[in-house]
Amino acid sequence: MISDKLRDQTNRFAKEIQSLLNCTIADYIQIKAVALSRGDDRLFALGHLIDKTTMTAQRFPLKPRAPKIEMWMDISFQLRLDAEREHLMVHKSFFGVFGSQGAKHGLFHYDYERDKADGYPDAHLQVYGASELFSTLNDPRTDAGRSFSQLHFPVGGKRFRPCLEDIIEFLVVERLVEARDGYEKILETGREGFRRNQLWAAMRRDPDAVAKFTDRYGISH
């Protein structure tokens, strides 16, 4: 059974993501939350108009600065409570940008998968591009045909990975999409909240470091 705490925190998070997108680079986005169970974990999947049967979120269009060009964004989250069942935690997330609603390849995507089991970094970036140098570096005995987009660039791990605000900022400052007036303040507010939550989580997991810091700088408990 999904706990009320998890449901309430998830619905609040969904509203925050929906507002962030609709106030910066998107229109009429509807971030929905769907409950799913896997073993002993209780999870929620989040995304734009997410399908309850397939647990697949729909991509949504952005407004590119270049004329007569399509750009679609793909966002999804899986959320659960932490080990103490107190705080909402991202189990998985995906942020991708593509040239059509059904394209398999696009511009880039960021992935996060907590405790990823295949040896790749939990948080990583993959870019749909080409590199002549990379092609020459592939070992023909084991990596023949491997593309540049298959490289997993690490991006800060579970604590210091990019947030959705960073992705939105990248798209705007690189003049790829149109943004609403005042988007900077919205991004900064959201990013400060994300980083504060990550800092609190790091402090909970390393109380000895917190104690050493407060002792060193004379901060009263």
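Here are some questions and answers on the pockets and surface of this predicted model.

In this predicted model, local features need pLDDT of at least 70 and side-chain atom pairs count only at pLDDT 80 or more, while totals for chains, interfaces and linings use all residues. Residues are numbered from 1 along each chain as its sequence is written, and side-chain values use heavy atoms, with hydrogens and water left out.

Q: Why is Leu199 called partly exposed?
A: Buried means under 20% relative accessible area, exposed means over 50%, and partly exposed lies in between (1.4 Å probe, protein chains only). Leu199 has 48% relative accessibility, so this residue counts as partly exposed. You will find Leu199 in helix H5 (residues 183-205); helices (H or I, at least four residues) and strands (E, at least two) are DSSP runs, numbered from the N terminus.

Q: What makes the nonpolar surface patch that includes Leu199?
A: Leu199, Trp200 and Met203 make this patch, with an area of about 310 Å². Patch residues have over 30% relative accessible area and no salt bridge, with nonpolar side chains (Val, Leu, Ile, Met, Phe, Trp, Tyr) joined within 5 Å and like charges within 9 Å. A salt bridge is a side-chain nitrogen of Lys or Arg within 4 Å of a carboxyl oxygen of Asp or Glu. Areas come from the Shrake-Rupley method with a 1.4 Å probe, and for residues only the protein chains shown count as cover.

Q: Why does Ala66 count as partly exposed?
A: Its relative accessibility is 39%, so Ala66 falls in the partly exposed class. Ala66 sits in the loop between strand S3 (60-61) and S4.

Q: How do you know where empty space is left?
A: Rolling a probe the size of a water molecule over the atoms shows it. On a 1 Å grid over the protein atoms alone, a pocket is an open set of points with protein on both sides within 12 Å along at least five of seven lines, whereas a cavity is a set where a 1.4 Å probe fits but cannot get out; lining residues have an atom within 4 Å of a point.

Q: What is the volume of the largest pocket?
A: About 1000 Å³. Of its 40 lining residues, Phe13, Glu16, Gly193, Phe194 and Asn197 are closest to the centre. H5 supplies the largest share of this lining, eleven residues. Points are joined across faces, edges and corners, and a volume is the space filled by probe spheres set on the points.

Q: Which strand gives the most to the lining of the second largest pocket?
A: S4 does, with four residues. The volume of the second largest pocket is about 340 Å³.
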